[in-house]
Amino acid sequence: MSADRTAATDALHRALLERILVLDGAMGTMIQAEGFDEDGFRGALFKDHDRSLKGCNDLLSLTQPDVILRIHRSYLEAGADIVETNTFNATSVSLADYGLEGAAYDINLHAARVACAAAREVAEREPSRPRFVAGSLGPTNRTASLSPDVEDPAFRGVTFDELVQAYYDASRGLLEGGVDLLMPETTFDTLNLKAALFAIEKAFADAGRVVPVLASITITDKSGRTLSGQTVEACWHSVRHAPLLGIGVNCALGAEEMAPHVQELSRLAPIQVFCYPNAGLPNEMGEYEQTPERMAQLLADFAGEGWLNLVGGCCGTTPEHIAAIADAVRDKKPRAVPQVPARTTWSGLEPYTITRDTLFTVIGERTNVTGSRRFRSLIKDGRFEDAVEVARQQVLGGANVLDVNMDEGLLDSEQAMTTFLNQIASEPDIARIPVMVDSSKWTVLEAGLKCLQGRSIVNSISLKEGEAPFLEQARLVRRYGASVVVMAFDETGQATSVEGRVEIAERSSKLLIEQAGFRAEDIIFDP
(Lines give C-alpha, C1' and ligand atoms only; values in the text may rest on other atoms or scores of the structure.)
Protein backbone atom coordinates (compact mmCIF):
# COMPACT_ATOMS: atom_id res chain seq x y z
CA MET A 1 0.00 0.00 0.00
CA SER A 2 1.38 3.42 -0.96
CA ALA A 3 2.24 5.88 1.80
CA ASP A 4 -0.37 8.45 0.71
CA ARG A 5 -3.15 5.83 0.75
CA THR A 6 -2.06 4.64 4.19
CA ALA A 7 -2.08 8.26 5.38
CA ALA A 8 -5.61 8.74 4.04
CA THR A 9 -6.85 5.67 5.92
CA ASP A 10 -5.16 6.83 9.11
CA ALA A 11 -6.68 10.29 8.69
CA LEU A 12 -10.13 8.77 8.19
CA HIS A 13 -9.85 6.70 11.38
CA ARG A 14 -8.69 9.75 13.35
CA ALA A 15 -11.55 11.85 12.04
CA LEU A 16 -14.10 9.19 13.01
CA LEU A 17 -12.86 9.32 16.59
CA GLU A 18 -13.22 13.09 16.71
CA ARG A 19 -16.59 13.81 15.12
CA ILE A 20 -19.54 12.60 13.09
CA LEU A 21 -18.41 12.62 9.46
CA VAL A 22 -20.70 13.94 6.74
CA LEU A 23 -21.38 12.11 3.49
CA ASP A 24 -22.54 13.93 0.37
CA GLY A 25 -26.05 14.04 -1.08
CA ALA A 26 -27.77 12.77 -4.21
CA MET A 27 -25.80 12.73 -7.45
CA GLY A 28 -28.86 11.86 -9.56
CA THR A 29 -30.84 14.82 -8.24
CA MET A 30 -28.06 17.20 -9.25
CA ILE A 31 -27.57 15.60 -12.67
CA GLN A 32 -31.29 15.83 -13.45
CA ALA A 33 -31.14 19.55 -12.73
CA GLU A 34 -28.56 19.92 -15.52
CA GLY A 35 -31.15 18.85 -18.12
CA PHE A 36 -28.82 16.92 -20.41
CA ASP A 37 -30.29 15.70 -23.70
CA GLU A 38 -29.16 12.67 -25.68
CA ASP A 39 -26.19 14.51 -27.17
CA GLY A 40 -25.14 15.68 -23.72
CA PHE A 41 -24.94 12.12 -22.45
CA ARG A 42 -23.17 10.85 -25.57
CA GLY A 43 -20.54 13.56 -25.84
CA ALA A 44 -17.90 13.15 -28.50
CA LEU A 45 -16.76 9.77 -27.15
CA PHE A 46 -20.04 7.95 -27.78
CA LYS A 47 -21.64 9.97 -30.56
CA ASP A 48 -21.89 6.87 -32.79
CA HIS A 49 -23.10 4.41 -30.11
CA ASP A 50 -25.96 2.27 -31.42
CA ARG A 51 -28.30 2.70 -28.42
CA SER A 52 -29.86 5.62 -26.61
CA LEU A 53 -27.66 6.76 -23.71
CA LYS A 54 -29.93 9.37 -22.18
CA GLY A 55 -30.25 8.61 -18.46
CA CYS A 56 -26.91 6.81 -18.16
CA ASN A 57 -25.66 9.14 -15.43
CA ASP A 58 -22.48 7.15 -14.82
CA LEU A 59 -21.32 7.85 -18.37
CA LEU A 60 -21.11 11.57 -17.62
CA SER A 61 -17.83 11.05 -15.76
CA LEU A 62 -16.40 10.40 -19.24
CA THR A 63 -18.52 12.72 -21.39
CA GLN A 64 -19.18 15.65 -18.99
CA PRO A 65 -16.39 15.41 -16.37
CA ASP A 66 -16.42 19.15 -15.62
CA VAL A 67 -20.07 18.98 -14.57
CA ILE A 68 -19.47 15.98 -12.30
CA LEU A 69 -16.43 17.73 -10.80
CA ARG A 70 -18.59 20.77 -10.08
CA ILE A 71 -21.26 18.65 -8.35
CA HIS A 72 -18.66 16.96 -6.16
CA ARG A 73 -17.16 20.33 -5.32
CA SER A 74 -20.56 21.75 -4.35
CA TYR A 75 -21.10 18.98 -1.79
CA LEU A 76 -17.60 19.32 -0.38
CA GLU A 77 -18.01 23.08 -0.03
CA ALA A 78 -21.37 22.47 1.67
CA GLY A 79 -19.61 20.53 4.42
CA ALA A 80 -19.28 16.92 3.18
CA ASP A 81 -16.22 15.06 4.42
CA ILE A 82 -16.80 12.18 1.97
CA VAL A 83 -18.06 12.29 -1.61
CA GLU A 84 -19.17 9.22 -3.54
CA THR A 85 -18.05 8.57 -7.08
CA ASN A 86 -20.60 8.86 -9.87
CA THR A 87 -20.66 5.09 -10.38
CA PHE A 88 -23.91 3.89 -8.81
CA ASN A 89 -24.85 1.91 -11.94
CA ALA A 90 -21.35 1.48 -13.35
CA THR A 91 -21.20 -2.32 -13.25
CA SER A 92 -21.31 -4.41 -16.41
CA VAL A 93 -24.61 -5.90 -15.21
CA SER A 94 -26.36 -2.51 -15.06
CA LEU A 95 -24.55 -0.97 -18.03
CA ALA A 96 -25.79 -3.83 -20.23
CA ASP A 97 -29.06 -1.88 -20.57
CA TYR A 98 -27.10 0.68 -22.61
CA GLY A 99 -24.78 -1.75 -24.40
CA LEU A 100 -21.86 -0.39 -22.37
CA GLU A 101 -20.71 -3.51 -20.52
CA GLY A 102 -17.20 -3.13 -21.90
CA ALA A 103 -16.90 0.42 -20.59
CA ALA A 104 -17.40 -0.47 -16.91
CA TYR A 105 -13.75 -0.38 -15.90
CA ASP A 106 -13.05 2.93 -17.68
CA ILE A 107 -16.15 4.61 -16.24
CA ASN A 108 -15.15 3.62 -12.70
CA LEU A 109 -11.54 4.64 -13.25
CA HIS A 110 -12.39 8.11 -14.56
CA ALA A 111 -15.21 8.69 -12.09
CA ALA A 112 -12.76 8.00 -9.27
CA ARG A 113 -10.23 10.41 -10.75
CA VAL A 114 -12.84 13.17 -11.09
CA ALA A 115 -14.03 12.76 -7.48
CA CYS A 116 -10.45 12.65 -6.19
CA ALA A 117 -9.60 15.83 -8.07
CA ALA A 118 -12.53 17.62 -6.40
CA ALA A 119 -11.55 16.32 -2.95
CA ARG A 120 -7.92 17.40 -3.41
CA GLU A 121 -8.94 20.83 -4.62
CA VAL A 122 -11.18 21.54 -1.61
CA ALA A 123 -8.82 19.94 0.92
CA GLU A 124 -5.93 22.12 -0.29
CA ARG A 125 -7.96 25.17 0.70
CA GLU A 126 -8.53 23.74 4.18
CA PRO A 127 -5.51 21.53 4.97
CA SER A 128 -6.62 20.87 8.55
CA ARG A 129 -9.71 19.05 7.34
CA PRO A 130 -9.04 16.11 5.02
CA ARG A 131 -11.66 15.08 2.45
CA PHE A 132 -12.22 11.53 1.25
CA VAL A 133 -13.63 9.73 -1.78
CA ALA A 134 -15.83 6.63 -1.55
CA GLY A 135 -16.16 4.40 -4.57
CA SER A 136 -19.88 3.78 -5.05
CA LEU A 137 -20.94 0.23 -5.94
CA GLY A 138 -24.69 0.13 -6.50
CA PRO A 139 -26.93 -2.93 -6.12
CA THR A 140 -27.26 -3.54 -9.90
CA ASN A 141 -30.67 -3.97 -11.54
CA ARG A 142 -30.80 -7.72 -10.84
CA THR A 143 -31.48 -9.77 -7.73
CA ALA A 144 -29.61 -12.98 -6.99
CA SER A 145 -32.07 -14.22 -4.35
CA LEU A 146 -35.36 -13.84 -6.20
CA SER A 147 -36.73 -15.01 -9.52
CA PRO A 148 -37.95 -12.47 -12.09
CA ASP A 149 -40.24 -15.22 -13.45
CA VAL A 150 -43.26 -15.97 -11.26
CA GLU A 151 -43.73 -19.25 -13.14
CA ASP A 152 -40.22 -20.45 -12.28
CA PRO A 153 -39.15 -19.60 -8.71
CA ALA A 154 -35.79 -21.38 -9.14
CA PHE A 155 -34.77 -19.16 -12.09
CA ARG A 156 -32.32 -16.29 -11.53
CA GLY A 157 -31.70 -13.29 -13.76
CA VAL A 158 -28.09 -13.16 -12.59
CA THR A 159 -25.72 -15.59 -10.92
CA PHE A 160 -23.45 -15.03 -7.96
CA ASP A 161 -20.41 -15.53 -10.19
CA GLU A 162 -21.65 -12.94 -12.70
CA LEU A 163 -22.14 -10.43 -9.90
CA VAL A 164 -18.68 -11.15 -8.47
CA GLN A 165 -17.07 -10.51 -11.87
CA ALA A 166 -19.05 -7.28 -12.35
CA TYR A 167 -18.19 -5.96 -8.90
CA TYR A 168 -14.56 -7.02 -9.29
CA ASP A 169 -14.15 -5.04 -12.53
CA ALA A 170 -15.80 -1.98 -10.98
CA SER A 171 -13.75 -2.21 -7.78
CA ARG A 172 -10.55 -2.56 -9.76
CA GLY A 173 -11.30 0.65 -11.67
CA LEU A 174 -12.19 2.54 -8.49
CA LEU A 175 -9.03 1.41 -6.71
CA GLU A 176 -6.87 2.30 -9.69
CA GLY A 177 -8.58 5.70 -9.80
CA GLY A 178 -7.50 6.43 -6.23
CA VAL A 179 -10.58 6.15 -4.00
CA ASP A 180 -10.08 6.16 -0.23
CA LEU A 181 -12.98 3.80 0.53
CA LEU A 182 -15.27 1.37 -1.26
CA MET A 183 -19.01 1.59 -0.64
CA PRO A 184 -21.42 -1.11 -1.82
CA GLU A 185 -24.73 0.63 -1.22
CA THR A 186 -28.52 0.56 -1.51
CA THR A 187 -28.52 -3.20 -1.00
CA PHE A 188 -32.00 -4.62 -1.53
CA ASP A 189 -30.71 -8.22 -1.77
CA THR A 190 -28.06 -9.38 0.69
CA LEU A 191 -26.77 -12.02 -1.74
CA ASN A 192 -25.84 -9.20 -4.13
CA LEU A 193 -23.98 -7.52 -1.27
CA LYS A 194 -22.20 -10.76 -0.38
CA ALA A 195 -21.08 -11.00 -4.02
CA ALA A 196 -19.80 -7.42 -3.86
CA LEU A 197 -17.87 -8.10 -0.65
CA PHE A 198 -16.45 -11.32 -2.13
CA ALA A 199 -15.30 -9.38 -5.20
CA ILE A 200 -13.82 -6.57 -3.12
CA GLU A 201 -11.58 -8.98 -1.21
CA LYS A 202 -10.37 -10.39 -4.53
CA ALA A 203 -9.73 -6.90 -5.88
CA PHE A 204 -7.74 -6.00 -2.76
CA ALA A 205 -5.60 -9.11 -3.11
CA ASP A 206 -4.92 -8.52 -6.80
CA ALA A 207 -4.29 -4.77 -6.46
CA GLY A 208 -2.07 -5.20 -3.41
CA ARG A 209 -4.03 -2.37 -1.83
CA VAL A 210 -6.70 -2.39 0.89
CA VAL A 211 -9.05 0.50 1.67
CA PRO A 212 -11.84 0.72 4.26
CA VAL A 213 -15.26 -0.60 3.24
CA LEU A 214 -18.66 0.83 4.15
CA ALA A 215 -21.70 -1.33 3.33
CA SER A 216 -25.20 0.11 3.19
CA ILE A 217 -28.51 -1.75 3.11
CA THR A 218 -31.95 -0.57 2.03
CA ILE A 219 -35.08 -1.30 4.04
CA THR A 220 -37.86 -1.01 1.51
CA ASP A 221 -40.88 -0.30 3.72
CA LYS A 222 -42.28 -0.32 7.25
CA SER A 223 -41.96 -4.12 7.45
CA GLY A 224 -38.34 -3.56 8.43
CA ARG A 225 -37.03 -5.95 5.76
CA THR A 226 -34.98 -5.73 2.60
CA LEU A 227 -36.65 -6.43 -0.74
CA SER A 228 -35.28 -9.99 -0.54
CA GLY A 229 -37.00 -10.44 2.82
CA GLN A 230 -34.29 -10.19 5.46
CA THR A 231 -34.60 -8.35 8.75
CA VAL A 232 -31.91 -5.86 9.69
CA GLU A 233 -30.40 -8.28 12.22
CA ALA A 234 -30.39 -11.20 9.77
CA CYS A 235 -28.71 -9.01 7.18
CA TRP A 236 -26.02 -7.89 9.64
CA HIS A 237 -25.12 -11.48 10.47
CA SER A 238 -24.97 -12.30 6.75
CA VAL A 239 -22.18 -9.79 6.14
CA ARG A 240 -20.33 -9.50 9.45
CA HIS A 241 -17.61 -11.83 8.11
CA ALA A 242 -16.33 -9.10 5.81
CA PRO A 243 -13.64 -6.58 6.82
CA LEU A 244 -16.09 -3.70 7.19
CA LEU A 245 -15.31 -0.29 8.63
CA GLY A 246 -19.01 0.47 8.89
CA ILE A 247 -22.57 -0.65 8.17
CA GLY A 248 -25.47 1.65 7.39
CA VAL A 249 -28.91 2.24 5.88
CA ASN A 250 -29.78 4.40 2.90
CA CYS A 251 -32.51 5.16 0.36
CA ALA A 252 -36.20 4.09 0.15
CA LEU A 253 -37.14 5.88 3.39
CA GLY A 254 -36.95 9.32 4.92
CA ALA A 255 -35.23 9.87 8.24
CA GLU A 256 -38.42 9.44 10.28
CA GLU A 257 -39.17 6.02 8.80
CA MET A 258 -35.52 4.97 8.93
CA ALA A 259 -35.04 5.69 12.65
CA PRO A 260 -35.79 2.21 14.11
CA HIS A 261 -33.49 0.51 11.63
CA VAL A 262 -30.57 2.83 12.37
CA GLN A 263 -31.16 2.30 16.08
CA GLU A 264 -31.13 -1.48 15.56
CA LEU A 265 -27.84 -1.40 13.66
CA SER A 266 -26.35 0.87 16.29
CA ARG A 267 -27.17 -1.77 18.91
CA LEU A 268 -25.95 -4.75 16.88
CA ALA A 269 -22.79 -3.67 15.11
CA PRO A 270 -19.38 -3.37 16.83
CA ILE A 271 -18.24 -1.15 13.93
CA GLN A 272 -19.11 2.33 12.63
CA VAL A 273 -22.80 2.98 11.86
CA PHE A 274 -24.20 5.50 9.41
CA CYS A 275 -27.29 6.48 7.47
CA TYR A 276 -28.19 8.67 4.54
CA PRO A 277 -31.95 8.85 4.09
CA ASN A 278 -34.00 10.39 1.31
CA ALA A 279 -35.37 13.88 1.69
CA GLY A 280 -38.61 12.44 3.07
CA LEU A 281 -40.95 10.21 1.09
CA PRO A 282 -41.76 11.08 -2.54
CA ASN A 283 -45.02 12.84 -3.38
CA GLU A 284 -47.44 11.62 -6.07
CA MET A 285 -45.14 13.13 -8.71
CA GLY A 286 -42.11 11.28 -7.36
CA GLU A 287 -40.57 14.46 -5.98
CA TYR A 288 -38.88 14.83 -2.59
CA GLU A 289 -40.09 17.82 -0.65
CA GLN A 290 -38.52 17.59 2.82
CA THR A 291 -36.69 20.80 3.60
CA PRO A 292 -33.02 20.91 4.57
CA GLU A 293 -34.00 22.29 7.98
CA ARG A 294 -36.46 19.48 8.77
CA MET A 295 -34.11 16.74 7.58
CA ALA A 296 -31.22 18.21 9.56
CA GLN A 297 -33.36 18.38 12.71
CA LEU A 298 -34.31 14.69 12.41
CA LEU A 299 -30.72 13.57 11.85
CA ALA A 300 -29.49 15.74 14.71
CA ASP A 301 -31.89 13.75 16.89
CA PHE A 302 -30.28 10.50 15.65
CA ALA A 303 -26.89 11.91 16.60
CA GLY A 304 -28.18 13.02 19.96
CA GLU A 305 -29.35 9.45 20.63
CA GLY A 306 -25.80 8.24 20.00
CA TRP A 307 -26.64 6.23 16.86
CA LEU A 308 -24.31 7.79 14.28
CA ASN A 309 -20.70 7.86 13.19
CA LEU A 310 -21.39 9.16 9.68
CA VAL A 311 -24.45 10.80 8.11
CA GLY A 312 -25.53 12.18 4.75
CA GLY A 313 -28.36 12.30 2.23
CA CYS A 314 -29.77 10.13 -0.55
CA CYS A 315 -32.53 10.78 -3.11
CA GLY A 316 -33.76 14.34 -3.30
CA THR A 317 -30.98 15.82 -1.20
CA THR A 318 -28.94 18.78 -2.41
CA PRO A 319 -25.91 20.76 -1.19
CA GLU A 320 -28.37 22.81 0.88
CA HIS A 321 -29.48 19.65 2.69
CA ILE A 322 -25.88 18.60 3.32
CA ALA A 323 -24.95 22.06 4.61
CA ALA A 324 -27.86 21.95 7.08
CA ILE A 325 -27.00 18.40 8.20
CA ALA A 326 -23.31 19.27 8.64
CA ASP A 327 -24.24 22.26 10.77
CA ALA A 328 -26.74 20.21 12.84
CA VAL A 329 -24.26 17.46 13.79
CA ARG A 330 -21.14 19.62 14.10
CA ASP A 331 -21.14 19.62 17.90
CA LYS A 332 -22.62 16.14 18.38
CA LYS A 333 -20.42 13.35 19.71
CA PRO A 334 -19.88 10.36 17.43
CA ARG A 335 -21.44 7.07 18.48
CA ALA A 336 -19.32 5.02 20.85
CA VAL A 337 -18.74 1.66 19.16
CA PRO A 338 -20.16 -0.96 21.56
CA GLN A 339 -18.65 -4.19 22.80
CA VAL A 340 -21.09 -6.82 21.54
CA PRO A 341 -21.15 -10.26 23.24
CA ALA A 342 -19.84 -13.07 21.02
CA ARG A 343 -22.75 -15.40 20.26
CA THR A 344 -23.22 -18.04 17.61
CA THR A 345 -25.80 -16.63 15.21
CA TRP A 346 -26.93 -17.84 11.80
CA SER A 347 -29.59 -16.37 9.59
CA GLY A 348 -32.08 -17.04 6.89
CA LEU A 349 -34.60 -14.25 6.50
CA GLU A 350 -34.45 -14.05 10.29
CA PRO A 351 -31.63 -14.65 12.78
CA TYR A 352 -31.18 -17.72 14.96
CA THR A 353 -28.93 -17.16 18.00
CA ILE A 354 -27.59 -19.71 20.45
CA THR A 355 -27.33 -18.41 24.01
CA ARG A 356 -26.67 -20.02 27.40
CA ASP A 357 -30.41 -20.56 27.70
CA THR A 358 -30.79 -22.32 24.33
CA LEU A 359 -31.71 -26.00 24.57
CA PHE A 360 -31.12 -28.36 21.66
CA THR A 361 -30.79 -26.83 18.20
CA VAL A 362 -32.93 -28.97 15.91
CA ILE A 363 -31.47 -29.71 12.47
CA GLY A 364 -34.09 -30.75 9.91
CA GLU A 365 -32.43 -33.61 8.02
CA ARG A 366 -35.26 -34.88 5.80
CA THR A 367 -34.06 -32.55 3.02
CA ASN A 368 -31.10 -34.89 2.70
CA VAL A 369 -31.12 -37.47 -0.10
CA THR A 370 -29.24 -39.90 2.13
CA GLY A 371 -31.63 -39.41 5.05
CA SER A 372 -35.05 -39.49 3.37
CA ARG A 373 -36.13 -42.01 0.73
CA ARG A 374 -39.09 -39.81 -0.25
CA PHE A 375 -36.94 -36.70 -0.65
CA ARG A 376 -34.37 -38.62 -2.71
CA SER A 377 -37.10 -39.92 -5.01
CA LEU A 378 -38.58 -36.45 -5.54
CA ILE A 379 -35.19 -34.89 -6.33
CA LYS A 380 -34.20 -37.71 -8.72
CA ASP A 381 -37.52 -37.27 -10.53
CA GLY A 382 -37.01 -33.51 -10.77
CA ARG A 383 -40.11 -32.82 -8.66
CA PHE A 384 -38.58 -29.87 -6.82
CA GLU A 385 -41.90 -28.19 -6.01
CA ASP A 386 -42.99 -31.35 -4.17
CA ALA A 387 -39.58 -31.54 -2.48
CA VAL A 388 -40.18 -28.05 -1.10
CA GLU A 389 -43.07 -29.49 0.92
CA VAL A 390 -40.62 -31.79 2.68
CA ALA A 391 -38.67 -28.70 3.75
CA ARG A 392 -41.86 -26.99 4.89
CA GLN A 393 -42.80 -29.95 7.07
CA GLN A 394 -39.36 -29.84 8.67
CA VAL A 395 -39.84 -26.17 9.58
CA LEU A 396 -43.38 -26.74 10.82
CA GLY A 397 -42.04 -29.62 12.89
CA GLY A 398 -39.70 -27.28 14.75
CA ALA A 399 -36.42 -27.34 12.82
CA ASN A 400 -34.15 -24.41 13.67
CA VAL A 401 -31.79 -25.15 10.78
CA LEU A 402 -32.47 -26.96 7.49
CA ASP A 403 -29.82 -29.48 6.37
CA VAL A 404 -29.70 -29.85 2.56
CA ASN A 405 -27.69 -32.70 1.03
CA MET A 406 -27.68 -33.82 -2.63
CA ASP A 407 -24.93 -36.48 -2.49
CA GLU A 408 -26.34 -39.17 -4.77
CA GLY A 409 -24.45 -40.90 -7.53
CA LEU A 410 -27.13 -40.48 -10.21
CA LEU A 411 -27.66 -36.77 -9.52
CA ASP A 412 -25.97 -33.68 -10.90
CA SER A 413 -25.47 -32.70 -7.27
CA GLU A 414 -24.29 -29.14 -7.94
CA GLN A 415 -27.32 -28.37 -10.11
CA ALA A 416 -29.73 -30.12 -7.73
CA MET A 417 -28.37 -28.13 -4.81
CA THR A 418 -28.68 -24.85 -6.72
CA THR A 419 -32.20 -25.54 -7.97
CA PHE A 420 -33.53 -26.65 -4.59
CA LEU A 421 -32.01 -23.77 -2.62
CA ASN A 422 -33.28 -21.26 -5.19
CA GLN A 423 -36.71 -22.89 -4.96
CA ILE A 424 -37.00 -22.62 -1.17
CA ALA A 425 -35.71 -19.03 -1.23
CA SER A 426 -39.11 -18.02 -2.64
CA GLU A 427 -40.93 -19.59 0.35
CA PRO A 428 -40.70 -17.13 3.29
CA ASP A 429 -41.98 -19.65 5.84
CA ILE A 430 -39.05 -21.93 4.93
CA ALA A 431 -36.42 -19.34 4.05
CA ARG A 432 -36.76 -17.66 7.44
CA ILE A 433 -34.47 -20.30 9.04
CA PRO A 434 -30.75 -20.82 8.25
CA VAL A 435 -29.53 -23.54 5.90
CA MET A 436 -26.79 -26.09 6.52
CA VAL A 437 -25.19 -26.95 3.17
CA ASP A 438 -24.19 -30.59 3.53
CA SER A 439 -21.91 -32.51 1.17
CA SER A 440 -18.72 -34.53 1.02
CA LYS A 441 -17.86 -32.74 -2.24
CA TRP A 442 -16.44 -29.20 -2.17
CA THR A 443 -17.98 -28.12 -5.49
CA VAL A 444 -21.45 -28.97 -4.15
CA LEU A 445 -20.84 -27.00 -0.96
CA GLU A 446 -19.67 -24.02 -3.00
CA ALA A 447 -22.68 -24.21 -5.33
CA GLY A 448 -24.93 -24.04 -2.28
CA LEU A 449 -23.09 -21.12 -0.71
CA LYS A 450 -23.60 -19.08 -3.88
CA CYS A 451 -27.38 -19.34 -3.44
CA LEU A 452 -27.78 -18.26 0.18
CA GLN A 453 -28.16 -14.65 1.29
CA GLY A 454 -28.20 -15.59 4.97
CA ARG A 455 -25.44 -16.76 7.27
CA SER A 456 -25.41 -20.48 6.54
CA ILE A 457 -23.40 -23.43 7.84
CA VAL A 458 -21.04 -25.65 5.83
CA ASN A 459 -21.07 -29.32 6.77
CA SER A 460 -18.22 -30.04 6.59
CA ILE A 461 -14.46 -29.62 6.18
CA SER A 462 -11.60 -31.46 7.87
CA LEU A 463 -7.83 -31.88 8.00
CA LYS A 464 -8.09 -35.22 6.21
CA GLU A 465 -6.16 -33.93 3.17
CA GLY A 466 -3.79 -31.76 5.19
CA GLU A 467 -3.56 -28.13 6.25
CA ALA A 468 -3.24 -26.47 2.83
CA PRO A 469 -6.57 -27.76 1.36
CA PHE A 470 -8.24 -27.22 4.74
CA LEU A 471 -7.19 -23.56 4.83
CA GLU A 472 -8.06 -22.98 1.18
CA GLN A 473 -11.61 -24.19 1.76
CA ALA A 474 -11.91 -22.45 5.13
CA ARG A 475 -10.93 -19.07 3.67
CA LEU A 476 -13.55 -19.44 0.97
CA VAL A 477 -16.22 -20.47 3.47
CA ARG A 478 -15.50 -17.30 5.43
CA ARG A 479 -15.61 -15.14 2.30
CA TYR A 480 -19.00 -16.63 1.41
CA GLY A 481 -20.21 -15.60 4.86
CA ALA A 482 -20.81 -19.01 6.43
CA SER A 483 -20.02 -20.82 9.65
CA VAL A 484 -18.36 -24.23 9.46
CA VAL A 485 -18.61 -27.74 10.89
CA VAL A 486 -15.20 -29.37 11.41
CA MET A 487 -14.96 -33.17 11.48
CA ALA A 488 -12.60 -35.07 13.79
CA PHE A 489 -10.32 -36.21 10.94
CA ASP A 490 -6.71 -35.42 10.23
CA GLU A 491 -4.09 -36.79 7.85
CA THR A 492 -3.97 -40.10 9.74
CA GLY A 493 -7.74 -40.68 9.67
CA GLN A 494 -10.62 -40.34 12.11
CA ALA A 495 -9.75 -39.74 15.73
CA THR A 496 -10.69 -42.73 17.88
CA SER A 497 -10.09 -41.29 21.34
CA VAL A 498 -11.24 -38.27 23.30
CA GLU A 499 -7.65 -37.01 23.42
CA GLY A 500 -7.31 -37.36 19.65
CA ARG A 501 -10.52 -35.45 19.01
CA VAL A 502 -9.50 -32.67 21.38
CA GLU A 503 -6.12 -32.41 19.65
CA ILE A 504 -7.77 -32.09 16.21
CA ALA A 505 -10.26 -29.54 17.55
CA GLU A 506 -7.49 -27.39 19.02
CA ARG A 507 -5.37 -27.62 15.88
CA SER A 508 -8.33 -26.85 13.58
CA SER A 509 -9.55 -23.90 15.62
CA LYS A 510 -6.07 -22.38 15.73
CA LEU A 511 -5.83 -22.56 11.93
CA LEU A 512 -9.36 -21.24 11.41
CA ILE A 513 -8.97 -18.27 13.74
CA GLU A 514 -5.36 -17.29 13.14
CA GLN A 515 -5.04 -18.00 9.43
CA ALA A 516 -8.54 -18.16 7.93
CA GLY A 517 -10.08 -15.21 9.78
CA PHE A 518 -12.86 -17.08 11.59
CA ARG A 519 -14.42 -16.02 14.86
CA ALA A 520 -14.61 -18.72 17.51
CA GLU A 521 -18.41 -18.54 17.59
CA ASP A 522 -18.57 -19.54 13.91
CA ILE A 523 -16.77 -22.87 14.39
CA ILE A 524 -18.72 -26.07 15.18
CA PHE A 525 -16.97 -29.33 16.03
CA ASP A 526 -18.45 -32.72 15.26
CA PRO A 527 -16.95 -35.07 17.85
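Which helix gives the most to the lining of the largest pocket? I started there, keeping in mind that this is a predicted model.

**Pocket.** I found that helix α2, residues 27-34, gives the most to that lining, with 5 residues. The largest pocket holds about 640 Å³ of space. I counted 29 residues lining it, and the closest to its centre are A26, M27, G28, T29 and C315.

Next I went to strand β9, residues 344-347. Which way do its residues point? T344 and W346 point one way, while T345 and S347 point the other way. In a regular strand, side chains alternate between the two faces of the sheet. I checked burial too, and all of these β9 residues are buried. The partner is strand β10, residues 351-354, which runs antiparallel to β9 and is joined to it by 4 bridges. T344 stands opposite I354 of β10. I noted 3 residues between β9 and β10, and the two strands form a hairpin.

**W442.** Last stop was helix α18, residues 442-449, where W442 lies. Is W442 buried or exposed? I got a relative accessible area of 16% for W442, and under 20% means buried, so W442 is buried. Leaving out residues up to four places away in sequence, I have W442 touching Q473, L476 and V477. I also looked at E414: W442 and E414 are 28 residues apart in sequence, and their C-alpha atoms are 9.7 Å apart in space.

Conventions:
Residues are numbered from 1 along each chain as its sequence is written. This is a predicted model: local features need pLDDT of at least 70, side-chain atom pairs count only at pLDDT 80 or more; totals for chains, interfaces and linings use all residues. Side-chain values use heavy atoms; hydrogens and water are left out. Buried means under 20% relative accessible area, exposed over 50%, partly exposed in between (1.4 Å probe, protein chains only). Two strands pair if DSSP finds at least two bridges between them. On a 1 Å grid over the protein atoms alone, a cavity is a set of points where a 1.4 Å probe fits but cannot get out, and a pocket is an open set with protein on both sides within 12 Å along at least five of seven lines; lining residues have an atom within 4 Å of a point. Grid points are joined across faces, edges and corners, and a volume is the space filled by probe spheres set on the points. Contact means heavy atoms within 4.5 Å.
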